[in-house]
Amino acid sequence: MKKADEIILEGISLSKGIAIGPLFVYDSQKVSLKPIKISFEAIESEISNFKTVLKQVRKELQIIKKNVQEKVGEQKAQILDVQMMILRDPELHSKVEDKVRLQRIKWDFIFSEIMTEYHDSLLGIKDSVLRERAFDVHDVKMRVLKRSSSLIPKDTKFRDGAIVVAEILTPTELIDVSKAKASGFVTDFGGVNSHLAIIANALGFGGISGSGKLYSKLANLANSMAILDGRVGKLIVNPTLESLKNYQAEKIKFKRTQTLFTNQRLEEASTEGGISINLSLNLSLETDFHLAKKFNAQGVGLFRTEHLLLDKADYPTEKTQTEIYKKLAKHCFPYSARIRTFDIGGEKLVGNFNLPTQINPSLGWRGIRISLEEIEVFKTQIKAILRANTSGNLEILLPMVSKISEFRKAKELIEEAKEELLQKNKKFNPEIKVGVMIEIPSAALTADIFAKEADFFSIGTNDLTQYTLAVDRSNNLVSDIYTPTHLAVLRILKLVLDSAKKEKISVNICGEMAGNILTIPLLIGMGFEGLSVSPSSIPTVREVINKTDLNLLKQLSAEVFETTENEQVRKILTDFKEEHFKEGLGD
């Protein structure tokens with residue numbers, strides 16, 4: 001029989017690691033419950049059964065959390081607290097109980113319908129952290145229905161070392177398959193900062209995401225031998241003997257470098273040419289503040305404050321925000337922490353903030369546009385930052401600014417907030433830097449004007465790329481067009497950098513380009529000296545920087561800007577990576 005041809009599939013790296021083994025197609029169960037009527041006398045018993053099952057699932061999750069905590073530490077195990085909160089949600093309890101009483105239908109059907117509604121509404125949200133809650137909701141729903149015997153657990157036995165392929169793989173399912181000695185995973189959904197990615201990295205479990213494209217291609221390839229390279233998001237099905245031999249050697253080398261790499265993670269980030277790069281963190285959660293010191297980061301380049309609004313009935317008070325920002329300042333000192341003011345968009349995030357329905361919320365009423373109309377909300381946040389800035393290391397970052405008049409108006413409101421604090425005799429530090437998030441082409445193209453008035457720039461390359469190329473990267477039909485290395489994007493970055501340097505203000509990159517092994521050398525070669533990345537990316541970024549010579553990076557940048565073809569840019573960057581990082585990176 002003729003051997004099947006080698007197939008190479010590309011995805012997004014969720015967690016670093018190399019796996020070699022047979023594909024196991026994990027058939028996610030589809031819920032198809034029917035509404036079964038119950039008698040009036042059975043209502044209270046039905047509600048009691050519902051409460052009992054939820055209690056059992058909570059105990060089950062507590063055991064899972066304890067096991068995860070022993071393996072990956074308390075901080076990462078706290079991810080499962082979200083599912084505990086869902087199970088305890090009084091609104092969920094009330095909805096199910098009220099419908100059981102009103103409709104006299106078995107609770108499992110009602111519960112499934114409500115959870116599906118929650119899941120679908122969250123999945124449609126642009127914000128990645130909110131969207132991540134959809135998978136927690138799905139996870140909880142499936143666990144509860146399995147516990148209630150509404151679903152019969154399917155056989156998930158597979159050979160040791162198998163690479164699990166799933167349309168959706170939840171964090172708790174990942175824990176289950178890792179315990180069953182799988183070696184890696186492929187899923188259609190999940191981002192680099194997802195709960196799934198965090199748990200996978202902590203477990204040292206290689207995985208990739210296919211953005212909705214891989215599961216259908218692999219569904220009929222069960223038991224085929226495959227190689228998963230989580231470092232670059234690649235899956236090789238039916239590998240040749242040469243590919244197998246090469247990757248077996250790579251796998252051994254990768255494991256060997258892990259211990260060495262862990263010991264190197266606290267080094268400063270500087271090129272061989274002697275240029276120090278300011279390497280800071282992008283953070284969203286208060287529970288992650290400690291990571292700044294853990295990874296020896298030079299502060300926090302982006303703290304996303306909109307996540308303070310999650311699961312809240314109203315905006316956090318000035319006092320509450322002050323305490324949170326004080327903790328952030330303390331964890332970062334003596335380095336700075338840039339606090340981005342609320343960047344909420346077209347979704348309803350809190351109870352008292354009813355935003356109008358918008359056809360395209362990403363280009364609608366959001367960011368600074370809302371802040372300049374919801375003035376008291378904005379000034380409350382500014383007052384909290386000013387009061388928390390006792391050590392002088394906090395900075396204010398304004399999002400979604402498209403024109404200089406918006407920046408000037410925001411600065412006026414900041415001055416008003418200072419006056420109001422003075423009038424109330426509240427202690428605060430009036431000296432604070434105010435910067436602009438450069439993520440809209442109109443702001444980038446007028447960066448020379450902003451640079452004369454702003455204290456710093458932070459470039460959000462994710463949105464800047466989308467808006468420059470007119471492409472929604474979450475849309476699978478056009479996601480291939482989303483190319484941060486497009487010459488138009490690179491020229492805009494150079495324009496912003498030159499404007500900042502002319503006025504001698506700092507500028508950093510805080511989008512995904514800053515943590516991408518392909519683009520890090522180019523950015524440094526262009527002259528960027530500040531990168532802000534996710535905590536899990538810090539070790540890799542630091543090693544990339546420390547392994548490269550500044551003169552080579554400048555040559556790389558010059559070569560890229562000499563070309564006129566976008567496809568050639570990626571080839572130049574890929575060739576550079578293959579030549580200078582062929583020994584691999586530890587993370």
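This is a predicted model: local features need pLDDT of at least 70, side-chain atom pairs count only at pLDDT 80 or more; totals for chains, interfaces and linings use all residues.
The structure holds 27 salt bridges. One of them pairs Glu395 with Arg338, whose closest N and O atoms are 2.7 Å apart. Glu395 belongs to strand β12, which covers residues 394–398, while Arg338 belongs to strand β11, which covers residues 337–340, so this pair ties together parts that are 57 residues apart in sequence. Glu395 and Arg338 are both buried.

A second pair to look at is Asp463 with Arg366, a salt bridge in which the closest N and O atoms are 3.7 Å apart. Because Asp463 sits in helix α18 (residues 461–469) and Arg366 in the loop between β11 and α13 (368–371), the contact ties together parts that are 97 residues apart in sequence. Here the burial can be traced to values: since buried means under 20% relative accessible area, Asp463 counts as buried at 16% relative accessibility, and Arg366 counts as buried at 9%.

The side chains of Asp343 and Arg340 also meet in a salt bridge, with an N to O distance of 4.0 Å, a value to be read against the criterion that the nitrogen lies within 4 Å of the carboxyl oxygen. Asp343 is buried, as is Arg340.

These last two pairs can be viewed together, for Arg340, Asp343, Arg366 and Asp463 are linked, along with Glu306, in a network of salt bridges.

Note on methods
Residues are numbered from 1 along each chain as its sequence is written. Side-chain values use heavy atoms; hydrogens and water are left out. Helices (H or I, at least four residues) and strands (E, at least two) are DSSP runs, numbered from the N terminus. Buried means under 20% relative accessible area, exposed over 50%, partly exposed in between (1.4 Å probe, protein chains only).
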